[in-house]
Amino acid sequence: MKELEKFLPYVDNWATCDQMSPKIFRKHKEMLLVHIREWLNSEKTYTVRFGVGMLMEHFLDDDYDPVYPEMVAKLRSEEYYVNMMIAWYFATALAKQYESILPFIEDKRLDDWTHNKAIQKSVESSRIADEHKKYLKTLKVTRKIK
């Protein structure tokens, strides 16, 4: 963790960010959560992206808690690579925890772009049931033209 913390501020692209996944994290999830909370509050684009990615990778299955998508839904960023990871998180979460995650989409808890991107990624996924895809499409946000 110490070495990762030293390296993380220098990550400047999505490819490096997304391929970092120390296997040791699986054995130390409580400690990982402490760091994820810090990463999500970072001002660095790829540190935030990494935090969301670690929540997606390690906390959507057996260790899932509804608190985690709350943490992600509260994030607001002007950064494309942060918003894309948030959308990816919610698309993956819909595949793994559909009933728990659906209210985030129904209640439009994400900014419009991220909301629509999460739906798009879900509809493109083979892990989402066709009837869920059909319903999700009805939840897209359309921009009103003035």
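Begin by selecting Lys 108, which at 44% relative accessibility counts as partly exposed, because that class takes in residues between the buried limit of under 20% and the exposed limit of over 50%. Bear in mind throughout the tour that this is a predicted model.

Keep Lys 108 selected and display its backbone: the residue is found in the loop between α7 (98-106) and α8 (112-124), and just after α7 it takes a positive phi of about 50 degrees. Most residues other than glycine have a negative phi, and Lys 108 is a residue other than glycine with a positive value.

Step back next into α7 and select Tyr 98, Ile 101, Leu 102, Phe 104 and Ile 105, which are the buried residues of this helix. They cover an arc of only 155 degrees around the axis, and therefore sit on the same side of α7. An α-helix has 3.6 residues a turn, so residues three or four places apart point the same way.

For the last stop, move to Arg 76, in the loop between α5 (67-73) and α6 (80-96). Which residues does Arg 76 touch, not counting those up to four places away in sequence? Select Arg 109, Leu 110 and Asp 111 to see these contacts. Between the C-alpha atoms of Arg 76 and Asp 111 the separation is 7.6 Å, although the two residues are 35 residues apart along the chain. Finally, show the side chain of Arg 76, where a polar atom lies 2.8 Å from the backbone oxygen of Ala 73.

Technical notes. Residues numbered from 1 in each chain as written. Predicted model: local features only at pLDDT ≥ 70, side-chain atom pairs only at ≥ 80, totals over all residues. Heavy atoms only, no water. Helix = DSSP H or I, 4+ residues; strand = E, 2+ residues; numbered from the N terminus. Contact = heavy atoms within 4.5 Å. Polar contact = N/O pair within 3.5 Å; in protein donor to acceptor, adjacent residues only side chain to side chain. Buried < 20%, exposed > 50% of the residue type's maximum accessible area, 1.4 Å probe, protein only. Arc of directions from axis to C-beta.
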